[in-house]
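Dear colleague,

Please find below the structure that I am handing over to you.

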Amino acid sequence: MTEKMRIGILISGRGSNMEALIEACRKPDYPAEIATVISNRPNAAGLQKAARAGLETAIVDHKKFSSREAFEADLDAALRDADVELICNAGFMRLLTEGFVEAWRDRQLNIHPSLLPAFKGLDTHERAIAAGVKLAGCTVHFVRTDMDSGPIVAQAAVPVLDGDTPDRLAARVLAAEHKLYPHALALVASGAAHIEGEWVVVTKDGMESAPLFSPPLNESP
Ligand code: GRF
């Protein structure tokens with residue numbers, strides 16, 4: 001295969017989506033490799049998991065900076081030092097300014113635990129249950145300045161079941177996230193997915209380079 005795309009993963013917490021990407025990137029024919037994992041929280045559990053996987057890690061602690069711009073300048077430098085071509089936000093809990101987002105325009109992905117554009121922001125599962133929706137899910141999208149918006153690469157749906165609590169629904173969605181993110185990254189890194197206007201178009205030939213993905217409808221938990 002041609003050269004793998006170098007990705008930088010941004011985390012803030014436990015890093016289970018990061019682990020799914022690590023697992024995918026281990027496969028010889030996967031089109032991306034992890035150049036660095038960066039956390040804005042020094043005690044993020046995901047940092048140790050990344051180090052155990054033999055990856056380069058860095059901490060850019062947002063609390064040490066007097067402004068968002070100063071924090072983002074260091075984050076940007078860390079990513080460029082690692083020759084990152086594409087950023088994957090994986091449970092990264094900082095809002096980014098327009099300057100950073102535009103500097104990485106079309107080169108930054110995020111995963112959000114809802115079927116966007118529904119239920120942007122926090123407490124998505126509580127709000128999905130309160131709204132009585134019968135399908136929930138997750139979305140991988142390119143990052144734009146508005147929170148949880150941007151061209152959608154891929155989505156997966158899971159059912160909302162009678163008596164679901166936010167935690168039960170979150171677990172079902174998370175299992176789907178772990179399949180969706182490696183799939184979406186493969187689409188982007190292989191060149192199968194590209195942006196036209198503000199939409200993502202996936203070429204038919206390119207689909208063959210992304211791992212097969214079946215939406216986990218009807219799967220437990
Ligand atoms: C995931 O549900 C992700 O979609 C959301 O935050 C959670 C992070 O989980 N943005 P993890 O750190 O990947 O385990």
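**Findings**

Asp123 lies in the loop between S5 and H5. Please bear in mind that this is a predicted model. Although Asp123 is not a glycine, its phi is positive, at about 55 degrees.

The loop between strand S5 (108-112) and H5 also holds Pro117. The peptide bond that joins Leu116 and Pro117 is cis, with an omega of about 10 degrees.

Helix H5 itself comprises residues 124-131 and contains His125. His125 counts as buried because its relative accessibility is 11%, and the cut-off for buried is under 20%. Leaving aside residues up to four places away in sequence, His125 touches Pro113, Pro166, Leu169, Ala170 and Val173.

The residues around the ligand are Arg14, Gly15, Ser16, Asn17, Gly91, Ile111, Pro113, Leu174 and Glu177.

- Gly15 has a backbone N or O atom 2.9 Å from an oxygen atom of the ligand.
- Ser16 places a polar side-chain atom 2.5 Å from an oxygen atom of the ligand.
- Glu177 has an N or O atom in its side chain at 2.6 Å from an oxygen atom of the ligand.

The ligand taken alone exposes 370 Å², and the protein buries 85% of that.

I turn next to helix H3. This helix runs over residues 68-81, which makes 14 residues. From its first C-alpha to its last, H3 reaches 20 Å, close to the 20 Å expected at 1.5 Å a residue. Its buried residues are Phe71, Glu72, Leu75, Asp76 and Leu79. They lie on the same side of H3, because they cover an arc of only 135 degrees around the axis. In general, an α-helix has 3.6 residues a turn, so residues three or four places apart point the same way. The cover over the buried residues of H3 includes strands S1 (5-11), S2 (32-39) and S4 (86-89), together with helix H4 (98-103). Just after H3, Asp83 takes a positive phi of about 55 degrees.

One further residue concerns the loop between H4 and S5, where Asp106 is placed. Asp106 is a residue other than glycine with a positive phi, near 65 degrees. At 32% relative accessibility, Asp106 counts as partly exposed, because that value falls between the cut-offs of 20% and 50%.

With kind regards

Methods: Residues numbered from 1 in each chain as written. Predicted model: local features only at pLDDT ≥ 70, side-chain atom pairs only at ≥ 80, totals over all residues. Heavy atoms only, no water. Helix = DSSP H or I, 4+ residues; strand = E, 2+ residues; numbered from the N terminus. Expected span 1.5 Å × (residues − 1). Buried < 20%, exposed > 50% of the residue type's maximum accessible area, 1.4 Å probe, protein only. Arc of directions from axis to C-beta. Contact = heavy atoms within 4.5 Å. Near = heavy atom within 4 Å. Polar contact = N/O pair within 3.5 Å; in protein donor to acceptor, adjacent residues only side chain to side chain. Areas by Shrake-Rupley, 256 points an atom, 1.4 Å probe, with all protein chains shown as cover.
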